[in-house]
Amino acid sequence: METSLIKEELLAQQLQNAFENIVTEAVRKDTVFAYASKEQVSSILLYAKEKLGYKSLAHMSCIDWLESDEFELVYIIWSPETKLNLFVKTRIDRQNPEMENMDMIWRQLNTYQREIREMFGVEFPGFVGEKEFILEDWEDAPPMRRDFDTLEYVNDTFFEREGREDKQDVRERIAKRSGEEIPDFAKKYSRE
Amino acid sequence: MREKSTTLYLGPQHPGITGNMMVKLQLEGDTIVKATTHVGYLHRAFEKLIERRNWMQTTTILCRFCVPEPDPPEAAFALAVEQIEGREVPERGKYLRSLVLELARLQSFMLWYAGQSGSTGLYTVGQWSVGDRNYVLDLFEELTGGRIYHMYIWPGGVRRDIPEGFEDKVLRTMDYIEKRIDDYDRMMFDSAIFQKRAQGVGIITKEKAMEWGVVGAPLRGCGIGHDVRKDNPYDAYDKLDFEMGIFEGGDVWARARVRQFEIRQTISMIRQLIQNLPSGDYLNKMPNPMKWTIPAGSAYGKVESVRGEFGFHVVSDGSDKPRRVHARGPAYVHGVSLLEDVLIGQNLADVSFIMNSLGVCPPEIER
Amino acid sequence: MYNDKNAQTIVEYIQNFTRKNSLFMLAYGTGCGAIELPATLTSRYDAERLGVRGAATPRQADLLLITGYLSTKTLKRVIRVYEQMQDPKYVIGFGSCTINGGMYWDSYNTIKLLDKYIPVDVYINGCMPRPESVIAGFKELQSLIAAGKADGAAKYKENLEWYRENQKKVLKNWPLVEYNW
């Protein structure tokens, strides 16, 4: 299924020529990755937007790489002319996560940054936006971090309906109530 | 007389709000000078839950991202996974996927008719279109087993083949609905109330549209023709003959015209899909779903839902569970930053009207 | 069941008869189950023939439908809305996630057991419940009202401390109104 990636290679080459120290990769059809350092991201995005016509921001995402103690930030932008998705990826320190505020480049980055600040605890210095976006009165660690255990939180906070832990065989109770017999082949699946 | 400034909280319990969200309005008289959206009432932590599920279990969560139109999230996720894995979809699978996506679009359009006209007080259209929508849901029920949530689209194809005689039922339903749409249009678009309410309200300018990240019908209502089905064709859309509805104006009226045009395109596409349905396999089967692993990598799969581009950024670390799945619904842009901008200068009575025309759907904002 | 007049006085019987046949449902879609309500209320299923119809504000409503999962942020508003509603008032838990958390059993933001926070008269199971089962739920509630057994609101007043204690476990920094009924 190897198809030619001419447009993709061209974009990768363009970015490679314009910036030093970035790694670009034409991954598959319609997709180009660019790995850059934290400081370069804003200039790459501006260059792609103004010079290459990548006018539309499709997505911004954050991934927690707990093993290597890093957050990965991904900006996905799309061009109406070439119809390619350009992924600009960068890694930031997990202990003191900070990223440049870029909501002046695209208005909707404001929303994404608010979410990532709340869910991962990544700070965007100089960013104006209400602190609370989705959660309210949240006192725990930012919930989308990998080290936040949601099941533990649930067990501490919420009630659980009885019957889930005691592992009773519901079929037997129903059989008793309705006066029916459980067939032999079904008995071997009984929990007792 | 000096106008007094008032703060008004619209929602979360308000019959006009499209779902469970809140808009805080700063009013001068009844003109809005500042709007702030508050979301998060429907946050279920899907993205956290997906990290705890394996790839197959994820399908049950995906359709619940967006309640009025549950199939685009499944399709976008499947596309992203197929990109990472390099899994091919059989031709019949592609057609069946497009068929389900278009049926979902049709029923969502019919729900939109109810919402858009209901917010101007034309309740008859809603009674008709939501009643007729049940016929589409019946088709879904026969095909997938569920009225609302289908879990039909899997990475690699679709879950099951169509039942016997299904094609005829689809075509019969389309004939019926096509006739009914003319009735809705007469009630809604020919109504002076709707025309006067819709024209010149909630304007998005052409220059700002791209910058604000507007997608879907609101973008095409500004005269900019972008549609994921045309730009980056997925599934069977490159083999279908359809047009984008592009209208100038950028107001509620233009967006309504786009949808009025596209619901007919949808019906024609469903007919084409049924007529050209190829035979063969419908699913490129994955290995044992409980041990199914996806190679490390990341991808962005996107489809055109009824409100605009629906995308999934999927990251895999090579294990049997997704590392990160981040959804980007059209309402994520429309419902927060865009709505705050568009509402300024509008009338208080038009808030739910504009929200309906932008397709603000809270469950996909907060997930 | 409601033919058994010995159990109720004639006044109660008439009261319950009228109450059960005019259930005004609060238009508050708290979760995804709200998508089946338009279908339930329009021509094919037509819940209005049972006397169920929408009401815009809590003061005018008799029936609160918790349509699906309830995030903690919504729970605050739901408690407020429920306490604003005037007697007689009934609650229907709609969907599996109100019963035991459903598929959100390990989600940090949704409550798992609705009846610990507000009294529930009838549960409708399913994800999501079909309009037929919603109507069956309405009928069940009507027969409970007719028998005088839908006494969730009275239970709430009696055991307000217990409910408040449960609510405070989830809702931090949130002023819960103290009532003295």
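Predicted model: local features only at pLDDT ≥ 70, side-chain atom pairs only at ≥ 80, totals over all residues.
1. Conventions. Residues are numbered from 1 along each chain as its sequence is written, while chains are lettered from A and ligands numbered from 1 in the order in which they are written. Local features need pLDDT of at least 70, and side-chain atom pairs count only at pLDDT 80 or more, whereas totals for chains, interfaces and linings use all residues.

2. Interface. Chain B places 26 residues in contact with 30 residues of chain C (contact: C-beta atoms, placed from the backbone, within 7 Å). On the chain B side, α1 (46–52) and α5 (123–144) are the elements that give two or more residues; α5(B) gives the most, with four. Helices (H or I, at least four residues) and strands (E, at least two) are DSSP runs, numbered from the N terminus.

3. Sheet in chain B. An open antiparallel sheet of three strands has the order β6-β7-β8, where strands pair if DSSP finds at least two bridges between them. Its edges are β6 (297–305) and β8 (324–328), each pairing on one side only. Nine bridges join β6(B) to β7 (residues 308–316) of chain B; B:Ser316 in β7(B) is the bridge partner of B:Gly297.

4. Fold of chain C. Chain C has seven helices and five strands, running α-β-α-β-β-α-β-α-β-α-α-α from the N terminus. Among its contacts between residues at least 6 apart in sequence, 80% join residues at least 24 apart.

5. Dimensions of chain C. Along its principal axes the C-alpha trace spans about 45 × 40 × 25 Å.

Notes:
Contact = placed C-beta atoms within 7 Å.
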